[in-house]
Amino acid sequence: MRCSDVEALWDELRGGLEPHSEHAVAHLRRCKDCQAVYEQYEGVAYCLTCLPLVEPPENLVPRILDHIKALRNHYRSSRSDSIARVASPLGELWIAWRDSRITFVGIDRGQDDEAAVAQIERRLSRPVRMAQAPAWISEAVDDFFATGRVDITRIDISELSAFEQAALRKAAQIPAGEVRSYGWIAREIGHPQAARAVGQVMARNPVALLFPCHRVVDASGALHNYGYGVEIKAKILQMEGYVKVGASKAAGRL
Amino acid sequence: MVPKTGTAERKPAATNAPSPLRSAEVPSVDRFERIVDEFQRRLYGFALRMTGNREDAEEIVQDAFVRAFRALGKMNAEQRADLRLQPWLYTITLNVTRNRLRSKRPTNVALDSLADPDALLNNTQEGPEGPEQIVERGTDLELVEGALLQLPMHLREAATLRFIEGRSHPEIAEILNQPIGTVKSHVHRAVRILRRILGPQVGRIVLAEEPVNAV
C-alpha cells in the first residue's frame with residue numbers, strides 16, 4: 001500500500017469503520033511521512049470545525065416569514081380548492097372550499113374519487129385536491145338540512161358573473177318548503193326577459209343545495225331540469241316540506 | 001500517529017442532534033414557519049461559509065426557503081412523508097448559492113484561476129504571497145475562512161458539508177447527488193489544498209477562543 005493511497009483514506013480512517021482500513025492502519029503505524037500528513041489533515045479538519053457559527057441578523061426570520069405569508073395569501077387566492085366527501089341525509093356530498101368558504105357542493109353519484117375530482121375540476125376550471133373536511137363544513141351541511149337556510153357569507157361564488165351571482169343569491173331567499181319560477185327570479189333581479197338565462201344559471205349552479213336551485217321550477221310548477229335527476233329534486237323538496245299543489249294553481253302563484 | 005476521532009468531531013456531534021421536527025413530523029406548507037425557525041441558522045451559516053459574504057448569505061437563505069415553500073406546496077402527502085427535509089434543504093440552498101455565485105463569478109478572479117486545483121498547489125508555494133505572509137495579515141480564523149473561500153466550488157461544498165456542517169459521506173452524497181466515491185475524493189482533495197494554503201504548521205495553529213466576525 002502506497003502512502004498516497006493511505007492519505008486518501010484519512011477521512012474514513014478517522015471513523016475506523018472501513019473494511020480495508022487494517023492495511024492502511026498497519027502502514028500508518030510504520031510510516032512517519034504518513035503520520036505527519038495525517039496530523040496536518042487532522043489540523044485542517046480541526047480548524048474548519050472551529051470556525052464560529054455566525055448568527056444570522058435578527059431580522060432575517062421576520063423577513064423570510066413575511067415573504068412566506070405573502071406567498072401563502074397569493075396561493076389562497078389563486079390556487080387549488082380543497083375537497084372532501086361529507087355525509088348528509090341525502091347521501092354523500094362532495095364539497096369544495098377555499099379560504100374558509102364553500103366553492104362547490106355536489107351530490108355523490110357513486111363514481112370513484114378520481115373521477116369525481118376530475119369532474120369537479122372541470123366544473124370549477126381550476127385544480128382541487130382531496131383533504132379532510134373541517135368541522136365548519138359539516139356544521140354548515142347539518143344547519144342546512146335542519147333549517148333549510150344557509151349563511152351565504154360562507155359561500156364563495158366570486159368567480160361567477162354578476163348576473164349569475166344575483167340569480168343564485170335571489171334563489172337563496174326562497175324559503176324551504178316553497179318554490180319559485182325562473183321568471184320570478186328574472187323579474188326580481190331586474191331582468192324580466194331573462195327567465196331562460198336564469199334557467200341556465202340554475203343548471204350550472206356550482207353550489208347545489210346551499211344555493212337552492214332545486215326550489216326553482218318551471219312556471220307550470222313542473223320539476224324538470226335538475227342536474228342530479230328530477231327524482232332527487234322531488235326528494236329534496238319533499239324533505240323540505242314542499243307539498244306540490246295542482247299545476248294550474250301553482251302556475252298562478254309562481 | 002494513528003488517527004482517532006478527537007476534538008475535530010466536537011461541533012459535528014452537536015449539530016447531529018436529532019430535532020423533534022425532523023423525526024416526528026411530515027413537513028408541510030401549513031407548518032412552514034417551524035421549518036424556517038428550525039433550519040435558518042444552519043442554512044445561513046452554510047451559505048455564509050460558501051460565499052464569505054453576509055449579504056449573499058441572507059439573500060440565499062431567503063430564496064432557499066421560498067423555493068422550498070413552493071416545492072412543498074406542489075407535493076402530495078406521500079411525497080412529503082418520504083421527504084428527507086434536512087438534506088433537501090441543503091440541496092436547495094446549494095443550488096441557490098451556485099446560481100448566485102455563477103452570476104457573480106466574472107468578478108471573482110481567485111475562483112476562476114482555480115479550475116485546476118493543482119495550479120493552486122503551485123501558486124501557494126511559489127506565489128508572491130506565501131502562507132507566512134497571509135498569517136501575519138489577520139487572525140488564524142480569518143486565515144481559515146479565507147482558505148476555504150479559495151477552494152474551487154465543488155471542493156468547498158464537500159469540505160464545508162463534511163467538516164463545518166458535520167455531515168457524513170452518505171449524507172453529502174445525497175445532498176450533492178454524487179456517488180460516495182466522488183464525495184470522498186473531493187473531501188480529500190479539499191483537505192490537501194487547505195493544508196497547503198494553511199501551511200505545514202496547520203496542526204499547531206492556535207485558534208482564538210472568541211468568535212471572529214471576519215466575513
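Two residues are in contact if their C-beta atoms, placed from the backbone, lie within 7 Å. Angles run from 0 to 180 degrees between N-to-C directions, with axes fitted to C-alpha atoms. Keep in mind that this is a predicted model.

**Exercise 1. Work out the order of the strands in the sheet of chain A, and find its edges.**

Step 1. Begin with the hairpin: β1(A) and β2(A) form one, with six residues between them. In its turn, A:G91 has a positive phi of about 105 degrees.

Step 2. Check the direction of this pair. β1(A) and β2(A), which covers residues 93-98, run antiparallel and are joined by five bridges. Two places to look are A:I83, which stands opposite A:A96, and A:S82, whose bridge partner is A:W97.

Step 3. Now look at the other pairing of β1(A), residues 81-86. With β4(A), residues 128-130, this strand pairs in the parallel sense over three bridges. Here A:D81 stands opposite A:V128.

Step 4. The order is β3-β2-β1-β4 in chain A, an open sheet of four strands with mixed pairing. β3 (101-107) and β4 of chain A each have a single partner strand, so one side of each is left without a neighbour in the sheet. From one strand to the next, the twist averages 30 degrees.

**Exercise 2. Find which strands of chain A helix α6 lies across.**

Step 1. Locate α6(A) at residues 113-124.

Step 2. Follow the helix over the sheet: α6(A) lies across β1, β2, β3 and β4 of chain A.

Step 3. Compare directions with β4(A): α6(A) runs at about 155 degrees to this strand.

**Exercise 3. Describe how α10(B) and α13(B) cross.**

Step 1. Of its 215 residues, 35% count as buried.

Step 2. Take the two helices, α10(B) at residues 140-150 and α13(B) at residues 180-198. Their axes come within 10 Å and cross at roughly 135 degrees.

Step 3. Classify the angle. Angles over 145 degrees count as roughly antiparallel and 65 to 115 as roughly perpendicular, with the range between them falling under oblique. Therefore α10(B) is oblique to α13(B). The crossing is right-handed.

Step 4. Name the residues that touch. α10(B) brings B:L143, B:V144, B:A147 and B:Q150, while α13(B) brings B:L194, B:I197 and B:L198. Sorted by class, this contact has six nonpolar, one polar and no charged residues.

**Exercise 4. Which helix of chain A gives the most to the side that touches chain B?**

Step 1. Start with the totals: 39 residues from chain A and 47 residues from chain B take part in the contact.

Step 2. List the helices on the chain A side. α2 (10-15), α3 (21-30), α4 (32-50) and α5 (60-78) each supply at least two residues.

Step 3. Pick the top contributor: α4(A) gives the most, with 14 residues.

Step 4. Finish with the classes. The side of chain A that touches chain B has 26 nonpolar, six polar and seven charged residues.

Definitions and conventions
Residues numbered from 1 in each chain as written. Chains lettered and ligands numbered in written order. Predicted model: local features only at pLDDT ≥ 70, side-chain atom pairs only at ≥ 80, totals over all residues. Pairing = 2+ DSSP bridges. Parallel < 35°, antiparallel > 145°, perpendicular 65-115°, else oblique. Left-handed = near helix turned anticlockwise from the far one by under 90°. Nonpolar A, V, L, I, M, F, W, Y, C, P; charged D, E, K, R; others polar. Buried ≥ 20, exposed ≤ 12 C-beta atoms within 10 Å, placed from the backbone.
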